[in-house]
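Please open the model in your viewer and keep the selection panel at hand. The tour below moves from one selection to the next and says what is to be found at each stop.

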Amino acid sequence: MTYRETAQLLSFNDISFVFFPPPSYLGPVVEQIASITANCRRCIVLTGAGMSAESGVPTFRGKDGLWGKFRPEELATMEAFIANPKIVWEWYNWRRELMSRVEPNPGHHAITRLESLCDDFTLITQNVDNLHRVAGTQRILELHGNIHRNKCVDCNKPCDPSLEIHPDAIPTCESCGGKIRPDVVWFGEMLDPQVINRAFQESEKADIFFSVGTSAVIHPAASLPPIAKRSGATLVEVNVEETPISFMADFHVVARSGEFLPLLVEELEKQKTSS
Ligand SMILES: [Zn+2]
């Protein structure tokens, strides 16, 4: 039976099964990418929603449950916060609670090991779930913020992330008295210019750039892989689907990050110890 036939057999309702090549099939490409990585000084990894999905981070787009009738676009905005900060905080407290039960997957842990093997490493992530930090990665640029951090709605001053937020009595900024909000980029908001500028600079200097589990359609993050490629980096895409950058990638590895990255790091460790 072919993969396609098996997939058809096992697909029902709205659940679709994606099949992946077995690890043995990945062997030659893993060796090749590991030897290129071993000779690179500056390594960048960009991660997106696919990475979080492998850990089971909810998308908050379902119709069921307590908050099913709301779409993220209705609650994750400045307008919503100004109009009804209580409901926005109730929603974020619920999301934080759900996310606190989620754990890093083998892909997150492999990225932490990759960082320790590289002279110059930066992780750029579109994910707000904090899983890279939980996994121990040190040098991180969080393009869309971090759902576990807080800041002032007026002056952007960061505030204690351990602060418990009661939606009926939202704490205020000690500097300006503004209400405290989650430190994530909301719909219609600009990314932090310092963070995105550093992401551009690092991408320009990259020798190797891994684009992992990102659909590569949301700008400005989607511009980073082409920038690295144009500046001479080897571009490796790890994604179960084709994306707008697949055609320019030196390698498009059709695999889950939790499957490919541990193999890559294992091979890289082997090559580094034998050299
Ligand atoms: Zn303030």
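Two strands are taken to pair where DSSP finds at least two bridges between them. With that in mind, select β1 (42-47) and β2 (120-125) in this predicted model: the two strands run parallel and are joined by 6 bridges, and within this pairing Ile 44 stands opposite Thr 122 in β2.

Now extend the selection to the whole sheet, which is open, has 6 strands in the order β3-β2-β1-β7-β8-β9, and shows parallel pairing. Because β3 and β9 (251-253) stand at the edges with a single partner strand each, one side of each is left without a neighbour in the sheet. Direction ignored, neighbouring strands of this sheet are turned by 15° against each other on average.

Move on to helix α7 (residues 106-117), whose 12 residues reach 17 Å from the first C-alpha to the last, close to the 16 Å expected at 1.5 Å a residue. Colour Gly 107, His 108, Ala 110, Ile 111, Leu 114 and Glu 115, which are buried, and look down the axis of α7: these buried residues fall within an arc of 160°, so they line one face of the helix. Which elements cover the buried residues of α7? Among them are β1, α3 (49-54), β2, α8 (131-135) and α11.

The next stop is the largest nonpolar core, where, of 42 residues, Val 45 and Leu 264 touch the most other members. Helix α11 (residues 257-274) gives this core its largest share, 6 residues. Selecting Leu 264 and leaving aside its neighbours within four places in sequence, one finds it in contact with Val 30, Ile 33, Ala 34 and Ala 110. A second, separate core of 11 residues includes Val 88, Trp 91, Cys 152 and Ile 180.

Finally, show the protein chain as a whole, with its 11 helices and 9 strands. Of its 275 residues, 36% are buried, and among contacts with a separation of 6 or more, residues 24 or more positions apart account for 67%.

Definitions and conventions. Residues numbered from 1 in each chain as written. Predicted model: local features only at pLDDT ≥ 70, side-chain atom pairs only at ≥ 80, totals over all residues. Core = buried A, V, L, I, M, F, W, Y, C linked by C-beta atoms within 7 Å. Buried ≥ 20, exposed ≤ 12 C-beta atoms within 10 Å, placed from the backbone. Helix = DSSP H or I, 4+ residues; strand = E, 2+ residues; numbered from the N terminus. Contact = placed C-beta atoms within 7 Å. Expected span 1.5 Å × (residues − 1). Arc of directions from axis to C-beta. Axes fitted to C-alpha atoms, helices over the stretch in contact; angles between N-to-C directions.
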